[in-house]
Amino acid sequence: MSAEEGRFDSMLFAMAEQHPGGVPDLLATIAAFLNRKTDFFTGGGNWEKMLLEIFREEGNKANALAEEKKREREAAEKRRQESIQRKKKEEENAKKKTEGAAITELTDEEAEKLQMEIEQEKKTPEEDASISQPIEDTEEEDEKEKGKLRPNSGNGCDLEKYRWTQTLQEVE
């Protein structure tokens with residue numbers, strides 16, 4: 001749109017606001033003006049043909065603009081749908097990766113059995129001998145230390161059916 005085309009927009013818009021009947025009333029006002037103040041209708045020209053040409057030209061511009069906007073909306077919708085599909089596939093792939101690590105609820109017996117299997121896999125013959133063994137009497141130990149269990153490598157304890165660890169921050 002050139003500056004020339006929009007030169008009268010503010011005045012025409014102000015006029016349009018004054019017409020409660022909308023565009024038909026505005027066009028009637030413009031036609032009445034042309035009738036009263038010009039020789040538009042009686043000047044010998046084919047005013048109907050001129051009006052139709054002007055309105056068809058503007059109508060074609062409006063239709064082309066509407067078609068362009070429609071194509072842009074469709075392209076944006078297509079991009080949005082592709083984005084949704086891509087996110088959906090990513091979520092499905094992420095879900096497939098985590099399916100092996102799904103959370104399942106175990107009964108107490110199943111949990112105990114699983115814990116025993118895990119401990120058996122982790123144990124070495126040396127660890128078997130040291131688990132839950134009271135501290136032996138040595139010359140260096142105090143009387144208070146007698147009968148106590150030694151901490152495991154994680155500052156916790158290994159018992160017959162239970163094992164735990166803790167960090168030094170947790171202890172403090």
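1. Helices (H or I, at least four residues) and strands (E, at least two) are DSSP runs, numbered from the N terminus. The model is a predicted one, in which local features need pLDDT of at least 70, side-chain atom pairs count only at pLDDT 80 or more, and totals for chains, interfaces and linings use all residues. Residues are numbered from 1 along each chain as its sequence is written, and side-chain values use heavy atoms, with hydrogens and water left out.

2. The volume of the largest pocket is about 900 Å³. A pocket here is an open set of points on a 1 Å grid, where a 1.4 Å probe fits, with protein on both sides within 12 Å along at least five of seven lines; lining residues have an atom within 4 Å of a point. There are 25 lining residues, and Leu12, Leu26, Leu27, Ile30 and Phe55 are the closest to the centre.

3. H1, H2 and H3 each give two or more residues to this lining. The most come from H2, which gives eight.

4. A nonpolar surface patch of about 930 Å² includes Phe8, Met11, Leu12 and Met15. H3 gives the most to the patch, with four residues.

5. Met15 lies in helix H1.

Note on methods:
Patch = residues over 30% accessible without salt bridge, like charges linked within 9 Å, V, L, I, M, F, W, Y side chains within 5 Å. Areas by Shrake-Rupley, 256 points an atom, 1.4 Å probe, with all protein chains shown as cover. Salt bridge = Lys/Arg side-chain N within 4 Å of Asp/Glu carboxyl O. Points joined across faces, edges and corners; volume = space filled by probe spheres on them.
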